[in-house]
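Thanks for coming. Please have a look at it first.

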Amino acid sequence: VVGKGTSIMSGLMPGDTVDVLGPLGNGFPTPSAKQNLVMVAGGVGVAPFYLLAKNAIKKNIPVTLLYGARTSEETKIAADFRRLGVKVKVSTEDGSLGKKGFVTALLETELKENTVVYACGPIGMLKEASRLSIAHGVNAYVSLERSMACGIGVCLGCAVLVSKCSGGVEIEKGYDMVCSDGPVFKSEVIEWEKF
(Lines give C-alpha, C1' and ligand atoms only; values in the text may rest on other atoms or scores of the structure.)
Protein backbone atom coordinates (compact mmCIF):
# COMPACT_ATOMS: atom_id res chain seq x y z
CA VAL A 1 0.00 0.00 0.00
CA VAL A 2 1.56 3.26 -1.14
CA GLY A 3 -1.37 5.65 -1.62
CA LYS A 4 -5.10 6.10 -1.90
CA GLY A 5 -5.58 3.77 -4.89
CA THR A 6 -3.60 0.83 -3.51
CA SER A 7 -5.23 1.40 -0.12
CA ILE A 8 -8.66 0.93 -1.71
CA MET A 9 -7.46 -2.16 -3.60
CA SER A 10 -6.01 -3.71 -0.43
CA GLY A 11 -9.50 -3.67 1.07
CA LEU A 12 -11.03 -5.73 -1.74
CA MET A 13 -12.34 -9.14 -0.81
CA PRO A 14 -12.66 -12.29 -2.96
CA GLY A 15 -15.79 -11.92 -5.05
CA ASP A 16 -15.72 -8.09 -5.12
CA THR A 17 -16.25 -6.54 -8.54
CA VAL A 18 -13.93 -3.97 -10.08
CA ASP A 19 -14.04 -2.09 -13.36
CA VAL A 20 -10.99 -2.40 -15.59
CA LEU A 21 -10.33 -0.46 -18.77
CA GLY A 22 -8.03 -2.23 -21.19
CA PRO A 23 -6.15 -3.25 -23.10
CA LEU A 24 -5.04 0.22 -24.10
CA GLY A 25 -2.61 1.34 -26.79
CA ASN A 26 -0.51 -0.94 -28.97
CA GLY A 27 2.42 -3.31 -28.70
CA PHE A 28 5.48 -4.20 -30.70
CA PRO A 29 4.66 -5.45 -34.21
CA THR A 30 5.15 -9.14 -34.87
CA PRO A 31 8.53 -9.61 -36.55
CA SER A 32 8.63 -11.59 -39.77
CA ALA A 33 10.44 -14.89 -40.06
CA LYS A 34 12.98 -13.17 -42.33
CA GLN A 35 14.10 -10.74 -39.63
CA ASN A 36 16.62 -10.93 -36.82
CA LEU A 37 14.99 -9.53 -33.70
CA VAL A 38 17.23 -7.45 -31.42
CA MET A 39 15.60 -6.37 -28.17
CA VAL A 40 17.30 -3.56 -26.25
CA ALA A 41 16.22 -3.34 -22.62
CA GLY A 42 17.26 -0.99 -19.88
CA GLY A 43 16.39 -2.04 -16.32
CA VAL A 44 12.71 -2.88 -15.95
CA GLY A 45 12.33 -2.20 -19.69
CA VAL A 46 12.95 -5.92 -20.08
CA ALA A 47 9.38 -6.68 -18.90
CA PRO A 48 7.56 -6.60 -22.25
CA PHE A 49 10.13 -8.74 -24.00
CA TYR A 50 9.72 -12.19 -22.43
CA LEU A 51 6.49 -13.20 -24.18
CA LEU A 52 7.61 -11.51 -27.38
CA ALA A 53 10.84 -13.52 -27.33
CA LYS A 54 8.99 -16.74 -26.50
CA ASN A 55 6.66 -16.31 -29.47
CA ALA A 56 9.47 -15.33 -31.84
CA ILE A 57 11.54 -18.39 -30.86
CA LYS A 58 8.50 -20.61 -31.59
CA LYS A 59 8.46 -19.11 -35.11
CA ASN A 60 12.21 -19.74 -35.55
CA ILE A 61 13.01 -16.03 -35.55
CA PRO A 62 16.53 -15.39 -34.23
CA VAL A 63 16.32 -13.30 -31.05
CA THR A 64 19.04 -11.35 -29.27
CA LEU A 65 18.47 -9.53 -25.99
CA LEU A 66 20.80 -6.67 -25.11
CA TYR A 67 20.14 -6.04 -21.45
CA GLY A 68 21.54 -3.13 -19.49
CA ALA A 69 21.38 -2.67 -15.74
CA ARG A 70 23.21 -0.80 -13.01
CA THR A 71 24.73 -3.92 -11.40
CA SER A 72 24.98 -7.67 -11.97
CA GLU A 73 22.43 -8.17 -9.18
CA GLU A 74 19.78 -6.64 -11.44
CA THR A 75 20.45 -8.99 -14.38
CA LYS A 76 19.18 -12.29 -12.97
CA ILE A 77 16.18 -12.31 -15.32
CA ALA A 78 18.57 -12.79 -18.23
CA ALA A 79 18.73 -16.49 -17.33
CA ASP A 80 15.02 -16.85 -18.14
CA PHE A 81 15.67 -15.52 -21.64
CA ARG A 82 18.63 -17.85 -22.14
CA ARG A 83 16.41 -20.83 -21.24
CA LEU A 84 14.11 -19.80 -24.10
CA GLY A 85 17.02 -19.96 -26.54
CA VAL A 86 17.59 -16.21 -26.74
CA LYS A 87 21.14 -14.96 -27.30
CA VAL A 88 21.75 -12.60 -24.36
CA LYS A 89 24.39 -9.89 -24.03
CA VAL A 90 24.60 -7.89 -20.82
CA SER A 91 26.10 -4.56 -19.87
CA THR A 92 26.28 -3.09 -16.40
CA GLU A 93 27.03 0.49 -15.49
CA ASP A 94 29.43 -0.60 -12.74
CA GLY A 95 31.13 -3.28 -14.87
CA SER A 96 30.20 -6.10 -12.49
CA LEU A 97 28.88 -8.23 -15.39
CA GLY A 98 29.29 -8.07 -19.15
CA LYS A 99 30.42 -4.89 -20.86
CA LYS A 100 30.91 -1.88 -18.61
CA GLY A 101 28.73 1.05 -19.63
CA PHE A 102 25.40 1.59 -21.30
CA VAL A 103 23.56 -1.14 -23.20
CA THR A 104 23.54 0.88 -26.42
CA ALA A 105 27.29 0.25 -26.69
CA LEU A 106 26.35 -3.37 -27.49
CA LEU A 107 23.82 -2.41 -30.15
CA GLU A 108 26.04 -1.21 -32.98
CA THR A 109 27.54 -4.67 -33.64
CA GLU A 110 24.03 -6.16 -33.92
CA LEU A 111 22.75 -3.78 -36.60
CA LYS A 112 22.86 -5.92 -39.72
CA GLU A 113 20.65 -6.30 -42.75
CA ASN A 114 17.22 -7.81 -41.97
CA THR A 115 17.43 -6.73 -38.34
CA VAL A 116 14.59 -5.06 -36.48
CA VAL A 117 15.21 -3.37 -33.15
CA TYR A 118 12.68 -3.23 -30.31
CA ALA A 119 13.67 -1.03 -27.38
CA CYS A 120 12.19 -0.35 -23.96
CA GLY A 121 13.87 1.54 -21.14
CA PRO A 122 15.06 5.01 -20.14
CA ILE A 123 14.52 7.84 -22.62
CA GLY A 124 18.27 8.39 -23.15
CA MET A 125 18.66 4.74 -24.12
CA LEU A 126 15.71 4.95 -26.52
CA LYS A 127 17.15 8.07 -28.16
CA GLU A 128 20.53 6.42 -28.71
CA ALA A 129 19.01 3.14 -29.95
CA SER A 130 16.95 5.17 -32.41
CA ARG A 131 19.95 7.19 -33.56
CA LEU A 132 22.08 4.09 -34.14
CA SER A 133 19.28 2.23 -35.93
CA ILE A 134 18.56 5.13 -38.27
CA ALA A 135 22.29 5.55 -38.99
CA HIS A 136 22.48 1.87 -40.01
CA GLY A 137 19.23 1.85 -42.01
CA VAL A 138 17.53 -0.53 -39.57
CA ASN A 139 13.90 -0.28 -38.50
CA ALA A 140 13.47 0.34 -34.78
CA TYR A 141 10.43 0.50 -32.54
CA VAL A 142 10.49 2.10 -29.10
CA SER A 143 8.12 1.76 -26.18
CA LEU A 144 7.75 5.18 -24.58
CA GLU A 145 6.98 5.82 -20.95
CA ARG A 146 4.99 8.90 -19.96
CA SER A 147 2.66 9.79 -17.11
CA MET A 148 -0.81 8.78 -18.25
CA ALA A 149 -3.82 10.17 -16.44
CA CYS A 150 -6.78 9.06 -18.55
CA GLY A 151 -5.35 6.18 -20.62
CA ILE A 152 -7.61 6.93 -23.60
CA GLY A 153 -6.02 10.01 -25.21
CA VAL A 154 -8.43 12.60 -23.86
CA CYS A 155 -6.45 14.46 -21.19
CA LEU A 156 -3.42 15.07 -23.47
CA GLY A 157 -1.06 14.48 -20.55
CA CYS A 158 1.10 12.00 -22.43
CA ALA A 159 1.45 13.87 -25.73
CA VAL A 160 4.62 13.32 -27.74
CA LEU A 161 5.65 15.27 -30.84
CA VAL A 162 5.94 13.10 -33.95
CA SER A 163 6.63 13.65 -37.64
CA LYS A 164 3.98 12.30 -39.96
CA CYS A 165 5.59 10.98 -43.12
CA SER A 166 4.38 9.76 -46.49
CA GLY A 167 6.74 8.04 -48.88
CA GLY A 168 9.70 8.98 -46.70
CA VAL A 169 8.83 12.68 -46.88
CA GLU A 170 7.73 14.60 -43.79
CA ILE A 171 4.26 16.01 -44.42
CA GLU A 172 3.47 17.43 -40.99
CA LYS A 173 4.35 17.41 -37.32
CA GLY A 174 1.76 16.72 -34.69
CA TYR A 175 1.13 15.17 -31.33
CA ASP A 176 0.30 11.55 -30.64
CA MET A 177 -0.79 10.24 -27.26
CA VAL A 178 1.47 7.61 -25.74
CA CYS A 179 -1.51 5.93 -24.04
CA SER A 180 -3.72 5.51 -27.09
CA ASP A 181 -1.43 5.90 -30.15
CA GLY A 182 1.49 4.12 -28.49
CA PRO A 183 3.22 3.27 -26.30
CA VAL A 184 5.15 1.67 -29.17
CA PHE A 185 6.23 3.98 -31.99
CA LYS A 186 8.49 3.58 -34.98
CA SER A 187 11.57 5.36 -33.65
CA GLU A 188 12.12 7.58 -36.66
CA VAL A 189 8.82 9.45 -36.20
CA ILE A 190 9.64 10.65 -32.67
CA GLU A 191 10.92 14.21 -32.40
CA TRP A 192 13.68 13.24 -29.93
CA GLU A 193 15.00 16.77 -29.43
CA LYS A 194 11.69 17.66 -27.76
CA PHE A 195 12.29 15.22 -24.89
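**Helices on a sheet**

I start with helix α5, residues 123-135, which lies across β1, β5 and β6 and runs at about 170° to β5. Angles here run from 0 to 180 degrees between N-to-C directions, with axes as lines fitted to C-alpha atoms, for helices over the stretch in contact. Helices (H or I, at least four residues) and strands (E, at least two) are DSSP runs, numbered from the N terminus.

A word on what we are looking at. This is a predicted model, where local features need pLDDT of at least 70 and side-chain atom pairs count only at pLDDT 80 or more, while totals for chains, interfaces and linings use all residues. Residues are numbered from 1 along each chain as its sequence is written, and side-chain values use heavy atoms, with hydrogens and water left out.

The protein chain has five helices and nine strands. In sequence order the pattern is α-β-α-β-α-β-β-α-β-α-β-β-β-β.

Now the sheet. Seven strands form an open sheet with mixed pairing, in the order β4-β3-β2-β1-β5-β6-β9. Its edge strands are β4 and β9 (184-186), each of which pairs on one side only. Two strands pair if DSSP finds at least two bridges between them.

Take the pairs one at a time. β2 and strand β3, residues 87-92, run parallel and are joined by six bridges. Leucine 66 has lysine 89 in β3 as its bridge partner.

Alanine 119 has valine 142 in β6 as its bridge partner. Helix α2 packs on the sheet, touching β1, β2 and β5, and its direction makes about 165° with that of β1.

Which residues of α2 are buried? In this helix, residues 49-58, they are Phe49, Leu52, Ala53 and Ala56. Seen down the axis of α2, these fall within an arc of 95°, so they line one face of the helix; the arc is that of the directions from the helix axis to the C-beta atoms. As a reminder, an α-helix has 3.6 residues a turn, so residues three or four places apart point the same way. On the other side of α2, Leu51 and Lys58 are exposed. Buried means under 20% relative accessible area, exposed over 50%, partly exposed in between (1.4 Å probe, protein chains only).

The buried residues of α2 pack against β1 (36-42), β2 (63-69), α3 (78-84) and β5 (115-120). One of them, phenylalanine 49, counts as buried because its relative accessibility is 0%. Not counting residues up to four places away in sequence, phenylalanine 49 touches Phe28, Met39, Val40, Ala41, Leu65, Phe81, Tyr118, Ala119 and Cys120. Contact means heavy atoms within 4.5 Å. After α2 comes asparagine 60, whose phi is positive, near 60°.

Last, the whole chain. Of its 195 residues, 38% count as buried. Among contacts between residues at least 6 apart in sequence, 57% join residues at least 24 apart.
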